[in-house]
Amino acid sequence: MPRRSGLIGALVALFVLLLGASANATTHTTRSAAAADCRVLAPGASAAAESAVAAACEQVAAGVWYSWGGGHGPQPGASYGQVDPTDPASEHDPERLGFDCSGLVRYAYARAGGSDLLNGPADTQYYTHRASERFTAGQGLAPLLPGDLLAWGTSQHLHHIAIYLGAGKMVEAKQSGTKLMVSDVRLNGDYHGALRVDTGPVTGHVFQTWGTGVWTKAAPSVSAARVYAFPGPTTIRVACQKHAETVTSDGYTNDAWAYLPDYQAWMTNIYIKGGAWLEAVPTCTF
């Protein structure tokens, strides 16, 4: 009887060993497949955009976790996350070294551009003054190239951002409890639009705002619809300015308004650092 028990025990141990090897092989195969799928899938992208895709795909191949708040440390790169109070699946994010959606975008374009070009959440990244082109939701995927950034939400709050690969695919840090992944682009729901990042010198008239919670408007008027509120001092690009409704705020009075092309919105010059009428900025003709 002891001899039979020993034989049974050996067979059980061998079965467990084989099962573990099979599971490891399956995991490796799945990870390899994911890595193979994560690549530039269409021609036409710039070298910097292709580098951003490659940097993001390296993290997919490494099996890195989504982690809420991950990737927003002092320097671009994976970091431990936080518990998202709205998502029970995030309970382990403080233990997971990873990225959230904007953390991954930040890291990818820091690798591509050689500096921290897109530090901030999805809102800040989408409205970056480094956009060379922008695309509306209605344009779909036809004009997009690998490396373009896709965003979801509303003009007042964008909650998700991802990197386009081409052929209807994207790489993203999607949600807690999952790893970085390649997904089909979701054009339904609240898809907002896309932009192409320029990693070179910034063009146009660039200024800094001051103040917190300052709203941009759909027209140069305080009663116009709100577009987006700056959470704090922000780098902006001004296309032109014009005299319109007089505004009094924070001890200043001014009737000059600036048009911000990256937001497709207006902002009173009161909250832009510079003169009451911005130097070298042309007058709007519309």
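This is a predicted model: local features need pLDDT of at least 70, side-chain atom pairs count only at pLDDT 80 or more; totals for chains, interfaces and linings use all residues.
**Stop 1**

Y259 counts as buried because its relative accessibility is 17%, and the cut-off for buried is under 20%.

Before we look at how these two rings meet, here is a handy idea. A pair of aromatic rings is described by the distance of the centres and the angle of the planes. A search of the whole structure finds 13 aromatic pairs. One of them joins Y126 and Y127: the ring centres are 5.1 Å apart and the planes stand at 75°, so this pair is edge-to-face. Both residues sit inside: Y126 is buried at 7% relative accessibility, and Y127 is buried at 4%. Back at your selection, Y259 and F286 also form an edge-to-face pair, with 5.2 Å from centre to centre and 90° between the planes. This pair links distant parts of the chain, since Y259 belongs to strand β15 while F286 lies in the segment after β16, 27 residues apart.

Which residues form one aromatic cluster? Select Y126, Y127, Y228, F230 and Y263 together, and you have it on screen.

**Stop 2**

Switch to a cartoon view and find strand β15, residues 252-260. Strands of a sheet pair through backbone hydrogen bonds, either parallel or antiparallel. How many bridges join β14 to β15? There are seven, and the two strands run antiparallel, with β14 covering residues 240-249.

Now move along to β16, residues 265-268, which is joined to β15 by four bridges in an antiparallel arrangement. Select W257 and T268 to view a bridge pair between them. The hairpin of β15 and β16 has four residues between the strands, and Q264 takes a positive phi near 50°.

**Stop 3: The disulfides**

A disulfide is a covalent bond between the sulfur atoms of two cysteines. The whole structure holds two of them. Start with C240 and C284, whose sulfur atoms are 2.0 Å apart. The angle about the S-S bond is 95°, and the link is right-handed. C240 lies in strand β14 and C284 in the segment after β16, so the bond ties together parts that are 44 residues apart in sequence. Are these two cysteines buried or exposed? C240 is buried at 7% relative accessible area, and C284 is buried at 9%.

Next, select C38 and C57, where the sulfur atoms are 2.1 Å apart. Here the link is left-handed, with -75° about the S-S bond. C38 is in the loop between α1 (2-37) and α2 (47-61), while C57 is in helix α2, and the two are 19 residues apart. Both C38 and C57 are buried. Numbering the bonded cysteines in sequence order gives the pairing 1-2, 3-4.

**Stop 4: A three-stranded sheet**

Find the open sheet with strand order β1-β3-β2 and mixed pairing. Its edge strands, β1 (65-66) and β2 (79-80), each pair on one side only. Strand β3 (residues 97-99) pairs with β2 in the antiparallel sense over two bridges. Select Y80 and L97 to see bridge partners.

**Stop 5: The pockets**

Turn on a surface view. Rolling a probe the size of a water molecule over the atoms shows where empty space is left. The largest pocket holds about 400 Å³ of space. Select Y66, W68, D100, C101 and H159, which lie nearest its centre among the 21 lining residues. Helices α3 (101-113) and α4 (122-126) and strand β6 (158-166) each give two or more residues to this lining, and β6 gives the most, with three. By class, the lining has seven nonpolar, nine polar and five charged residues. C101 is buried, with a relative accessible area of 9%.

Finish at the second largest pocket, with a volume of about 230 Å³. Select N119, T124, H129, T234 and T235, the closest to its centre of the 16 lining residues. This lining has eight nonpolar, seven polar and one charged residues.

Key: Residues are numbered from 1 along each chain as its sequence is written. Side-chain values use heavy atoms; hydrogens and water are left out. Two strands pair if DSSP finds at least two bridges between them. On a 1 Å grid over the protein atoms alone, a cavity is a set of points where a 1.4 Å probe fits but cannot get out, and a pocket is an open set with protein on both sides within 12 Å along at least five of seven lines; lining residues have an atom within 4 Å of a point. Grid points are joined across faces, edges and corners, and a volume is the space filled by probe spheres set on the points. Ala, Val, Leu, Ile, Met, Phe, Trp, Tyr, Cys and Pro count as nonpolar, Asp, Glu, Lys and Arg as charged, and the others, Gly among them, as polar. A disulfide is a pair of cysteine sulfur atoms within 2.5 Å. Buried means under 20% relative accessible area, exposed over 50%, partly exposed in between (1.4 Å probe, protein chains only). Rings of Phe, Tyr and Trp (its six-membered ring) pair if their centres lie within 6.5 Å; planes under 30 degrees apart count as stacked, over 60 as edge-to-face and the rest as tilted.
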